[in-house]
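Welcome! Please keep the sequence and the 3D view at hand as you read.

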Amino acid sequence: MESLTPASSAKQQLDLGLVDVFAELADLFGNPRSHGQIYGLLFSSQTPLCMDDIIAQIGISKGSASLGLRALEEMGAVERQANGRFGFYTAKRELKTLISGFVRQRLVPRLEKSNGKLRELSALLDQMPAEEAKESEWRLKRVAQWHTRATQFLPLAEKVLQSASKLMPQSDGK
(Lines give C-alpha, C1' and ligand atoms only; values in the text may rest on other atoms or scores of the structure.)
Protein backbone atom coordinates (compact mmCIF):
# COMPACT_ATOMS: atom_id res chain seq x y z
CA MET A 1 0.00 0.00 0.00
CA GLU A 2 1.40 3.42 -0.93
CA SER A 3 1.97 5.89 1.83
CA LEU A 4 0.14 9.19 1.80
CA THR A 5 2.08 12.43 1.86
CA PRO A 6 0.55 15.30 3.84
CA ALA A 7 -0.44 16.93 0.54
CA SER A 8 -2.13 13.79 -0.83
CA SER A 9 -3.82 13.21 2.53
CA ALA A 10 -5.17 16.78 2.47
CA LYS A 11 -6.41 16.30 -1.11
CA GLN A 12 -8.12 13.06 -0.13
CA GLN A 13 -9.78 14.77 2.85
CA LEU A 14 -10.94 17.62 0.62
CA ASP A 15 -12.38 15.19 -1.93
CA LEU A 16 -14.22 13.21 0.75
CA GLY A 17 -15.47 16.47 2.24
CA LEU A 18 -16.94 17.48 -1.13
CA VAL A 19 -18.65 14.10 -1.40
CA ASP A 20 -20.25 14.77 2.00
CA VAL A 21 -21.24 18.33 1.08
CA PHE A 22 -22.99 17.23 -2.11
CA ALA A 23 -24.66 14.31 -0.28
CA GLU A 24 -26.12 16.79 2.22
CA LEU A 25 -27.28 19.10 -0.58
CA ALA A 26 -28.93 16.21 -2.42
CA ASP A 27 -30.73 15.22 0.76
CA LEU A 28 -31.79 18.82 1.40
CA PHE A 29 -33.46 18.97 -2.02
CA GLY A 30 -35.20 15.60 -1.66
CA ASN A 31 -32.79 13.53 -3.71
CA PRO A 32 -31.05 10.36 -2.57
CA ARG A 33 -27.78 11.03 -0.72
CA SER A 34 -26.04 8.62 -3.10
CA HIS A 35 -26.79 10.97 -6.02
CA GLY A 36 -25.00 13.74 -4.16
CA GLN A 37 -22.11 11.42 -3.27
CA ILE A 38 -21.68 10.45 -6.92
CA TYR A 39 -21.82 14.03 -8.09
CA GLY A 40 -19.40 15.14 -5.35
CA LEU A 41 -16.92 12.43 -6.29
CA LEU A 42 -17.10 13.31 -9.99
CA PHE A 43 -16.91 17.02 -9.19
CA SER A 44 -13.69 16.55 -7.23
CA SER A 45 -12.11 14.08 -9.64
CA GLN A 46 -9.54 15.37 -12.09
CA THR A 47 -10.22 12.47 -14.46
CA PRO A 48 -13.39 10.76 -15.70
CA LEU A 49 -14.46 7.77 -13.58
CA CYS A 50 -16.19 4.53 -14.53
CA MET A 51 -19.02 3.07 -12.48
CA ASP A 52 -16.70 0.55 -10.80
CA ASP A 53 -14.43 3.39 -9.63
CA ILE A 54 -17.44 5.23 -8.22
CA ILE A 55 -18.72 2.13 -6.42
CA ALA A 56 -15.30 1.43 -4.91
CA GLN A 57 -14.58 4.98 -3.82
CA ILE A 58 -17.87 5.81 -2.11
CA GLY A 59 -19.02 2.33 -1.14
CA ILE A 60 -22.47 2.20 -2.72
CA SER A 61 -24.15 -0.71 -4.48
CA LYS A 62 -24.03 -1.17 -8.23
CA GLY A 63 -27.78 -0.54 -8.38
CA SER A 64 -27.47 2.76 -6.49
CA ALA A 65 -24.59 3.82 -8.70
CA SER A 66 -26.48 2.94 -11.88
CA LEU A 67 -29.67 4.72 -10.80
CA GLY A 68 -27.74 7.72 -9.54
CA LEU A 69 -25.69 8.10 -12.70
CA ARG A 70 -28.79 7.79 -14.85
CA ALA A 71 -30.66 10.43 -12.79
CA LEU A 72 -27.67 12.78 -12.86
CA GLU A 73 -27.36 12.33 -16.64
CA GLU A 74 -31.06 13.10 -17.12
CA MET A 75 -30.63 16.21 -14.97
CA GLY A 76 -27.69 17.28 -17.09
CA ALA A 77 -25.32 17.21 -14.10
CA VAL A 78 -22.97 14.55 -15.47
CA GLU A 79 -21.74 13.54 -18.87
CA ARG A 80 -20.97 10.01 -20.03
CA GLN A 81 -18.23 9.22 -22.51
CA ALA A 82 -18.18 5.72 -23.96
CA ASN A 83 -14.85 3.93 -24.00
CA GLY A 84 -15.32 0.42 -25.31
CA ARG A 85 -17.89 -1.35 -23.18
CA PHE A 86 -17.39 1.02 -20.26
CA GLY A 87 -18.77 4.49 -19.67
CA PHE A 88 -16.65 7.14 -18.03
CA TYR A 89 -18.36 9.99 -16.24
CA THR A 90 -17.48 13.60 -15.54
CA ALA A 91 -19.39 16.24 -13.61
CA LYS A 92 -20.61 19.37 -15.28
CA ARG A 93 -19.44 22.16 -13.05
CA GLU A 94 -21.71 25.04 -14.02
CA LEU A 95 -24.34 26.10 -11.50
CA LYS A 96 -26.84 27.02 -14.22
CA THR A 97 -26.71 23.46 -15.60
CA LEU A 98 -27.47 22.01 -12.17
CA ILE A 99 -30.27 24.48 -11.48
CA SER A 100 -31.94 23.98 -14.86
CA GLY A 101 -31.76 20.22 -14.51
CA PHE A 102 -33.16 20.28 -11.00
CA VAL A 103 -36.03 22.60 -11.93
CA ARG A 104 -36.85 20.62 -15.08
CA GLN A 105 -36.53 17.13 -13.58
CA ARG A 106 -37.74 17.62 -10.02
CA LEU A 107 -39.68 20.79 -9.32
CA VAL A 108 -41.83 21.18 -12.46
CA PRO A 109 -43.13 17.57 -12.39
CA ARG A 110 -43.97 17.86 -8.69
CA LEU A 111 -45.83 21.12 -9.21
CA GLU A 112 -47.76 19.60 -12.10
CA LYS A 113 -48.65 16.57 -9.99
CA SER A 114 -49.81 18.70 -7.07
CA ASN A 115 -51.88 20.85 -9.44
CA GLY A 116 -53.72 17.73 -10.57
CA LYS A 117 -54.27 16.72 -6.96
CA LEU A 118 -55.75 20.15 -6.18
CA ARG A 119 -58.23 19.71 -9.05
CA GLU A 120 -59.23 16.28 -7.69
CA LEU A 121 -59.73 17.70 -4.22
CA SER A 122 -61.85 20.56 -5.55
CA ALA A 123 -64.26 18.02 -7.02
CA LEU A 124 -64.95 16.73 -3.49
CA LEU A 125 -66.43 20.07 -2.38
CA ASP A 126 -69.79 19.22 -4.01
CA GLN A 127 -70.08 16.16 -1.79
CA MET A 128 -69.69 18.11 1.47
CA PRO A 129 -72.23 19.97 3.61
CA ALA A 130 -72.35 23.68 2.72
CA GLU A 131 -70.53 25.00 5.81
CA GLU A 132 -67.72 22.44 5.55
CA ALA A 133 -67.48 23.03 1.81
CA LYS A 134 -67.14 26.77 2.33
CA GLU A 135 -64.24 26.39 4.79
CA SER A 136 -62.56 23.69 2.69
CA GLU A 137 -62.97 25.73 -0.48
CA TRP A 138 -61.16 28.65 1.20
CA ARG A 139 -58.30 26.33 2.19
CA LEU A 140 -58.04 24.86 -1.30
CA LYS A 141 -58.03 28.31 -2.87
CA ARG A 142 -55.27 29.36 -0.50
CA VAL A 143 -53.11 26.38 -1.43
CA ALA A 144 -53.88 26.97 -5.12
CA GLN A 145 -52.63 30.56 -4.72
CA TRP A 146 -49.39 29.32 -3.20
CA HIS A 147 -49.09 26.80 -6.01
CA THR A 148 -49.64 29.48 -8.65
CA ARG A 149 -47.03 31.71 -7.04
CA ALA A 150 -44.52 28.88 -6.91
CA THR A 151 -45.16 28.08 -10.57
CA GLN A 152 -44.68 31.74 -11.51
CA PHE A 153 -41.61 32.08 -9.31
CA LEU A 154 -39.68 29.11 -10.71
CA PRO A 155 -38.70 30.65 -14.06
CA LEU A 156 -37.69 33.87 -12.34
CA ALA A 157 -35.66 32.06 -9.68
CA GLU A 158 -33.96 29.95 -12.35
CA LYS A 159 -32.97 33.07 -14.32
CA VAL A 160 -31.66 34.83 -11.22
CA LEU A 161 -29.57 31.83 -10.21
CA GLN A 162 -28.28 31.38 -13.75
CA SER A 163 -27.32 35.06 -13.89
CA ALA A 164 -25.55 34.71 -10.55
CA SER A 165 -23.64 31.70 -11.87
CA LYS A 166 -22.33 33.83 -14.75
CA LEU A 167 -20.72 36.13 -12.20
CA MET A 168 -18.84 33.24 -10.60
CA PRO A 169 -15.31 32.49 -11.86
CA GLN A 170 -15.05 29.52 -14.20
CA SER A 171 -11.94 27.37 -13.98
CA ASP A 172 -12.37 24.89 -16.80
CA GLY A 173 -15.73 25.61 -18.49
CA LYS A 174 -17.18 22.15 -17.84
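Of the 174 residues in the protein chain, 30% count as buried. Please bear in mind that this is a predicted model. The chain has 6 helices and 3 strands, and along the sequence they follow the pattern α-α-β-α-α-β-β-α-α. Among contacts between residues at least 6 apart in sequence, 54% join residues at least 24 apart.

The table sets out the two pairings.

| Pairing | Bridges | Direction | Residues that stand opposite |
|---|---|---|---|
| Strand 1 with strand 3 | 2 bridges | antiparallel | Cys50 and Phe88 |
| Strand 2 with strand 3 | 6 bridges | antiparallel | Arg80 and Tyr89 |

Strand 3 itself covers residues 86–91. Strand 2 and strand 3 make a hairpin with 2 residues between the strands, and Gly84 in this hairpin takes a positive phi near 70°.

**The nonpolar core**

The largest nonpolar core holds 18 residues, of which Ile38, Tyr39, Leu42, Ile54 and Ile58 touch the most other members. The elements that give two or more residues to this core are helix 1, helix 2, helix 3 (51–58), helix 4 (62–75) and strand 3. The largest share, 4 residues, comes from helix 2.

Leaving aside residues up to four places away in sequence, Ile38 touches Ile54, Ile58, Ile60, Ser64, Ala65, Gly68, Leu69 and Leu72.

**The aromatic cluster**

Next come the rings. The count comes to 3 aromatic pairs. In one of them, the rings of Phe22 and Tyr39 have their centres 5.0 Å apart and their planes at 75°, so this pair is edge-to-face; the cut-off for that label is over 60 degrees. Phe22 lies in helix 1 (residues 6–28) and Tyr39 in helix 2 (residues 33–44), so the pair ties together parts that are 17 residues apart in sequence. Both Phe22 and Tyr39 are buried.

Tyr39 also forms an aromatic pair with Phe43, and this one is tilted, at 5.9 Å centre to centre with 40° between the planes. Tyr39 and Phe43 both lie in helix 2, 4 residues apart, about one turn of the helix. Together, Phe22, Tyr39 and Phe43 form one aromatic cluster.

Is Tyr39 buried or exposed? Tyr39 has a relative accessible area of 5%, so this residue is buried. Phe43, by contrast, has a relative accessible area of 27% and is partly exposed.

What sits over the ring of Phe43? The charged end of Arg93 does, 5.7 Å from the centre of the ring.

**Looking back**

Conventions: Residues are numbered from 1 along each chain as its sequence is written. This is a predicted model: local features need pLDDT of at least 70, side-chain atom pairs count only at pLDDT 80 or more; totals for chains, interfaces and linings use all residues. Side-chain values use heavy atoms; hydrogens and water are left out. Rings of Phe, Tyr and Trp (its six-membered ring) pair if their centres lie within 6.5 Å; planes under 30 degrees apart count as stacked, over 60 as edge-to-face and the rest as tilted. Buried means under 20% relative accessible area, exposed over 50%, partly exposed in between (1.4 Å probe, protein chains only). A charge sits over a ring if NZ of Lys or CZ of Arg is within 6 Å of the ring centre and within 35 degrees of the ring normal. Two strands pair if DSSP finds at least two bridges between them. A nonpolar core is a set of buried Ala, Val, Leu, Ile, Met, Phe, Trp, Tyr and Cys residues joined through side-chain atoms within 4.5 Å. Contact means heavy atoms within 4.5 Å.
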